[in-house]
Amino acid sequence: MSWGTELWDQFDNLEKHTQWGIDILEKYIKFVKERTEIELSYAKQLRNLAKKYQPKKNSKEEEEYRYTACKAFLSTLNEMNDYAGQHEVISENMTSNITVELARYVQELKQERKSYFHDGRKAQQHIEICWKQLESSKRRFERDCKEADRAQQYFEKMDADINVTKADVEKARQQAQVRHQMAEDSKADYSSILQKFNHEQHEYYHTHIPNIFQKIQEMEERRIVRIGESMKTYAEVDRQVIPIIGKCLDEIVKAAESIDQKNDSQLVIEAYKSGFEPPGDIEFEDYTQPMKRTVSDNSLSNSRGEGKPELKFGGKSKGKLWPFIKKNKLSLKLGATPEDFSNLPPEQRRKKLQQKVDELNKEIQKEMDQRDAITKMKDVYLKNPQMGDPGSLDHKLTEVSQNIEKLRLEAQKFEAWLAEVEGRLPARSEQARRQSGMFDAQNPATVNSCAQDRESPDGSYTEEQSQEGEGKVLATDFDDEFDEEEPLPAIGTCKALYTFEGQNEGTISVVEGETLYVIEEDKGDGWTRIRRNEDEEGYVPTSYVEVYLDKNAKGAKTYI
């Protein structure tokens with residue numbers, strides 16, 4: 001089966017067919033190119049989708065990803081990025097292994113096809129020239145033969161005519177001989193050209209055209225094989241990424257199987273646990289026997305420990321029995337969140353303080369590393385003055401040292417608050433019951449000690465302050481049922497060494513040289529509680545005042 005023998009006369013059709021084959025190849029290249037664009041677009045959309053649902057840094061969403069279900073979802077998003085990457089690999093491999101290679105092959109194919117058909121046309125033109133030469137010699141031979149016959153007839157006619165001179169007859173005879181010779185020459189030339197044409201024609205149909213058509217056939221078959229190989233590559237490119245895609249899907253399944261509902265439930269407890277215990281039963285108050293109320297029932301300690309909560313929660317029956325709700329309301333009324341997180345329940349406050357301490361320790365370590373680096377650089381400058389001036393680093397070193405000291409003081413402050421909270425957490429059940437109005441009236445010492453514990457030195461209030469603030473907030477509802485609370489006794493005096501602008505909640509402003517009363521001394525956190533008059537009291541930095549404690553008259557000197 002050969003195009004050269006079977007299709008020797010189909011030159012034009014073969015030209016059209018081979019052009020159609022190239023068009024098919026270009027169409028397949030275009031198909032693969034569009035597929036690569038789809039893969040890239042799909043990968044981009046997958047990446048954008050995964051990015052859209054990624055948790056934002058330093059946001060509430062980032063905290064939510066502590067839960068195993070959210071972690072599994074985050075793993076799914078990460079795997080989707082890898083999944084998208086495999087589609088990018090498909091696009092890249094199809095582009096390099098199919099599109100680029102086939103585009104180059106098409107250019108080579110076009111050049112090869114052009115060369116073969118150029119040779120075919122050249123052979124056609126040569127055989128056509130030979131045919132024209134043959135036709136020309138044939139017509140010349142025919143014409144010369146006719147001229148020779150006419151010359152012979154004319155000679156015979158002249159020779160038979162008695163009236164024609166001998167010279168005329170001789171002339172006619174010579175003319176006939178010339179024409180006859182010309183006919184013989186044309187015959188010989190025609191015979192020679194005919195033999196040559198037959199040879200060329202045989203070569204054309206049995207050698208040149210078969211060879212050219214055979215090359216064209218081989219070229220076309222290579223094209224067909226090449227497009228088949230490209231289709232296999234097309235499938236292999238997809239098949240190569242299937243294991244990795246399968247791995248991505250396996251990781252998603254693994255992440256889904258790692259979801260632990262019990263762990264998530266425990267995280268909810270850790271996130272929202274207040275540290276309080278549920279309130280106890282509310283005692284029955286028999287208002288049919290008002291005379292049974294004793295003077296002790298209206299005392300300051302009982303009114304603070306029992307009367308208020310019972311009337312607030314029991315008498316009004318609002319059902320808000322959680323002890324920290326009062327503090328939240330007060331905080332909302334007073335303004336911003338206290339620095340020591342005293343507006344939070346104990347357990348949550350402890351976690352926040354611990355987190356703040358950890359952050360400060362990290363900052364301290366960072367500053368210490370920077371100080372060590374500057375110190376080393378200064379040593380290098382001292383040993384090699386040409387590298388730099390050691391004195392130029394003194395200012396930076398001093399600044400870093402000051403930052404470290406400042407951060408350490410800040411950390412000590414938060415550690416003191418943390419130690420205070422951790423020390424009070426074991427007794428929080430009693431505190432909760434006391435604030436719920438259900439604490440036993442037989443324990444006045446516990447009530448007094450808890451009432452005097454300070455919740456926060458900076459921008460907050462003590463337990464006593466909380467009670468006072470609560471009394472002011474609720475004064476419109478209970479003016480007829482409660483008396484004003486007594487202020488804490490003064491335990492000494494103090495003199496302001498510097499002017500302090502108390503802008504934060506719970507602090508008080510003082511002027512240099514001013515003398516005030518001390519009602520609570522520094523407990524190790526750098527803050528002292530003072531009073532100017534019965535309506536003005538708060539905290540000031542201990543370093544801003546000179547304290548004179550009256551130990552002999554402790555608790556006896558009361559400001560009026």
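Colleague: Is Phe500 buried or exposed?
Modeller: Phe500 is buried, with a relative accessible area of 13%; buried means under 20%, exposed over 50% and partly exposed in between, with a 1.4 Å probe and protein chains only. This is a predicted model, in which local features need pLDDT of at least 70 and side-chain atom pairs count only at pLDDT 80 or more, whereas totals for chains, interfaces and linings use all residues. Residues are numbered from 1 along each chain as its sequence is written, and side-chain values use heavy atoms, with hydrogens and water left out.

Colleague: How many aromatic pairs does the structure hold?
Modeller: There are 13 aromatic pairs. Rings of Phe, Tyr and Trp (its six-membered ring) pair if their centres lie within 6.5 Å; planes under 30 degrees apart count as stacked, over 60 as edge-to-face and the rest as tilted. One of them is formed by Trp8 and Tyr205, whose ring centres are 5.1 Å apart with planes at 90 degrees, so this pair is edge-to-face.

Colleague: Where in the chain do Trp8 and Tyr205 lie?
Modeller: Trp8 is in the loop between helix H1 (3-6) and helix H2 (11-52), while Tyr205 is in helix H5 (residues 166-257), 197 residues apart. Helices (H or I, at least four residues) and strands (E, at least two) are DSSP runs, numbered from the N terminus. Trp8 is partly exposed at 40% relative accessibility, and Tyr205 is partly exposed at 31%.

Colleague: Back to Phe500: which residue forms an aromatic pair with it, edge-to-face?
Modeller: Trp527 does, at 6.4 Å centre to centre with 70 degrees between the planes. Trp527 is buried, with a relative accessible area of 11%. Ring pairs also link Phe500 and Trp527 with Tyr498 and Tyr544 into a cluster.

Colleague: Changing topic, which residues have the most contacts inside the largest nonpolar core?
Modeller: They are Leu25, Tyr28, Met94, Ile98, Phe213 and Ile216, in a core of 40 residues. A nonpolar core is a set of buried Ala, Val, Leu, Ile, Met, Phe, Trp, Tyr and Cys residues joined through side-chain atoms within 4.5 Å.

Colleague: Which element gives the most to this core?
Modeller: H4 does, with 16 residues. The elements giving two or more residues are H2, helix H4 (68-160) and H5. A second, separate core of 13 residues includes Cys494, Ile508, Leu516 and Ile530.

Colleague: How many disulfides does the structure hold?
Modeller: The structure has zero disulfides, a disulfide being a pair of cysteine sulfur atoms within 2.5 Å. Cys494 is buried at 1% relative accessible area, and Cys130 is buried at 5%.
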